[in-house]
Amino acid sequence: AYNTSSDYRLKENIAPMTGALAKVALLKPCTYKWKVDGADGQGFIAHELAEIVPECVTGAKDAVGEQQYVVTPAIRDEEGNTVTDAVMGTRIAPVYQGIDTSFLVATLTAAIQEQQALITALTARIEALEQT
């Protein structure tokens, strides 16, 4: 099980979430294919999501960093002893952003609640108009 601490005793300044429907309207869900294997996917583009719900995203857009790699592997004898050490190199490689969509659950729930309040109000208005 994946659990996050959520006990009320750990929190302060608790208030109902507002404006969730407007925030959800800004989200840009998409479908895509993974470059690595062509598999279909669906979700969000990290840097776009970070503009709307930054707590969902780790890393920075277009970040790069140094990465070590083996230029020449180590040479070992028949007994497994290293005769010649591996030659290592350093290159610049992408440092990819990540998304934790569990942070969207509260926003999506609040948006559904806001929509339901609108639906209820509009239904009541329609019923009142139909009675006149």
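Student: How many bridges join strand 1 to strand 2, and how do the strands run?
Tutor: This is a predicted model. Strand 1 covers residues 30-33, and strand 2 covers residues 40-43. The two run antiparallel, and the number of bridges joining them is 4.

Student: Which residue takes a positive phi in the hairpin of strand 1 and strand 2?
Tutor: The hairpin has 6 residues between its strands. A positive phi, near 75 degrees, is taken there by G38.

Student: What kind of aromatic pair do Y32 and W34 form?
Tutor: A search of the whole structure finds 1 aromatic pair. Its rings, in Y32 and W34, are 5.3 Å apart centre to centre, with 90 degrees between the planes. Planes over 60 degrees apart count as edge-to-face, so the pair formed by Y32 and W34 is edge-to-face.

Student: Is W34 buried, partly exposed or exposed?
Tutor: The relative accessibility of W34 is 48%. Buried means under 20% and exposed means over 50%, so W34 counts as partly exposed.

Student: Which relative accessible area does C56 have, and is C56 buried or exposed?
Tutor: C30, at 23% relative accessibility, counts as partly exposed. For C56 the relative accessible area falls under the 20% limit, so C56 is buried. The value for C56 is 2%.

Student: How far apart are the end C-alpha atoms of helix 3?
Tutor: Helix 3 takes in residues 105-130, which is 26 residues. At 1.5 Å a residue, helix 3 should span 38 Å. The distance found between its end C-alpha atoms agrees with this and is 37 Å.

Student: Which helix is included in what covers the buried residues of helix 3?
Tutor: In helix 3, T107, A110 and A111 are buried. What covers the buried residues of helix 3 includes residues 20-26, which form helix 1.

Student: Over the ring of which residue does the charged end of R91 sit?
Tutor: The charged end of R91 is 4.2 Å from the centre of a ring. That ring belongs to Y69.

Note on methods
Residues are numbered from 1 along each chain as its sequence is written. This is a predicted model: local features need pLDDT of at least 70, side-chain atom pairs count only at pLDDT 80 or more; totals for chains, interfaces and linings use all residues. Side-chain values use heavy atoms; hydrogens and water are left out. Buried means under 20% relative accessible area, exposed over 50%, partly exposed in between (1.4 Å probe, protein chains only). The expected span of a helix is 1.5 Å times one less than its number of residues. Contact means heavy atoms within 4.5 Å. Two strands pair if DSSP finds at least two bridges between them. Rings of Phe, Tyr and Trp (its six-membered ring) pair if their centres lie within 6.5 Å; planes under 30 degrees apart count as stacked, over 60 as edge-to-face and the rest as tilted. A charge sits over a ring if NZ of Lys or CZ of Arg is within 6 Å of the ring centre and within 35 degrees of the ring normal.
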